[in-house]
Amino acid sequence: MKKFDIRNIKVRKVNINEIDDRMLLINLYATQGLTLIIGIIWILFQRQNFIELFSIPSSILFIWWGLGLAAAVIVIDLLISRWVPEDAADDGGVNDRIFGNRPIWHIVVISFVVAVCEELLFRGAIQHAVGPYWTSIIFAAIHVRYLKHWIPTGLVFSISYGLGWIYIQSGTIWAPIIAHFVIDLIMGLIIRYRRES
């Protein structure tokens, strides 16, 4: 039996085109699973009540908070993509690979999973500890693929701050979950149908 030697592990940068679709999805769902687990553990250490965190308010105002932010983000993103050169907003082709050839039902599933997992960690746990500003810096930093260009990095930071703000204003995590879901869903569908045409 061959011995495992940690010194023989080699790490190299991988281009998105070197990853097949199956591995891309495994990576996506594994990352979201890890995000969910970290969020749950962090919330438990903060002694927050999960039932209270995910309770649905009696007023439907939180839906309007979520939809309003989503609409503003989509309009701003579309305006930016209209006037800003494509290479200034390049994410390395990751979003095209994730959404480009995906069936609509899978875009819905991906958008929902990402919205719930990321909002649980960032709004439910991290923002509870450090507030919306530092949460947004961390949120922008983990979206590594955008860090090469200041426009998408600024946009991700602003979206995160907006998600944190509507969480505070609405008093429920469902507002940022709805906004995050709608943003990812609409942008995913735009990427999918733009590629078809």
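Me: In helix α5, by what are arginine 123 and glutamate 119 separated?
Reply: Helix α5 holds both residues, 4 positions apart, where a helix is a DSSP run of H or I with at least four residues and a strand a run of E with at least two, numbered from the N terminus. Because arginine 123 and glutamate 119 are 4 residues apart in helix α5, the separation is about one helical turn.

Me: What is the average pLDDT of the protein chain?
Reply: This is a predicted model, in which local features need pLDDT of at least 70 and side-chain atom pairs count only at pLDDT 80 or more, while totals for chains, interfaces and linings use all residues. Residues are numbered from 1 along each chain as its sequence is written, and side-chain values use heavy atoms, with hydrogens and water left out. pLDDT is the predictor's confidence in each residue, from 0 to 100; confidence is lowest in helix α4 (residues 94–99), at a mean of 87, and highest in α5, at 96. In the protein chain, 88% of the residues score at least 70, and the average pLDDT is 89.

Me: What is the distance, N to O, in the salt bridge of arginine 123 and glutamate 119?
Reply: A salt bridge is a side-chain nitrogen of Lys or Arg within 4 Å of a carboxyl oxygen of Asp or Glu, and the structure holds 3 of them. Arginine 123 is buried at a relative accessible area of 0%, and glutamate 119 is likewise buried at 0%, with buried meaning under 20%, exposed over 50% and partly exposed in between (1.4 Å probe, protein chains only). The N to O distance between the side chains of arginine 123 and glutamate 119 is 2.6 Å.

Me: Which helix holds arginine 194, the partner of aspartate 96?
Reply: Arginine 194 and aspartate 96 form a salt bridge through their side chains, at 3.3 Å from N to O, and aspartate 96 is partly exposed, with a relative accessible area of 29%. Aspartate 96 lies in helix α4, so the pair ties together parts 98 residues apart in sequence, with arginine 194 in helix α7 (residues 174–196).

Me: At which residue in α5 does a kink lie?
Reply: The 39 residues of α5 have end C-alpha atoms only 26 Å apart, short of the 57 Å that a straight helix would reach, an expected span of 1.5 Å times one less than its number of residues. The bend at a residue is the angle between axes fitted to the seven residues ending there and the seven starting there. A kink of about 125 degrees lies in α5, shortly before proline 132, at glycine 131.

Me: Which element gives the largest share of the nonpolar patch?
Reply: The surface patch, with about 770 Å² of accessible area, is formed by residues including Tyr133, Trp134, Tyr161 and Trp165. The elements giving it two or more residues are α5 (104–142) and α6 (150–170). Such a patch joins nonpolar side chains (Val, Leu, Ile, Met, Phe, Trp, Tyr) within 5 Å and like charges within 9 Å, using residues with over 30% relative accessible area and no salt bridge, with areas from the Shrake-Rupley method, a 1.4 Å probe and, for residues, only the protein chains shown as cover. The largest share, 6 residues, comes from α5.
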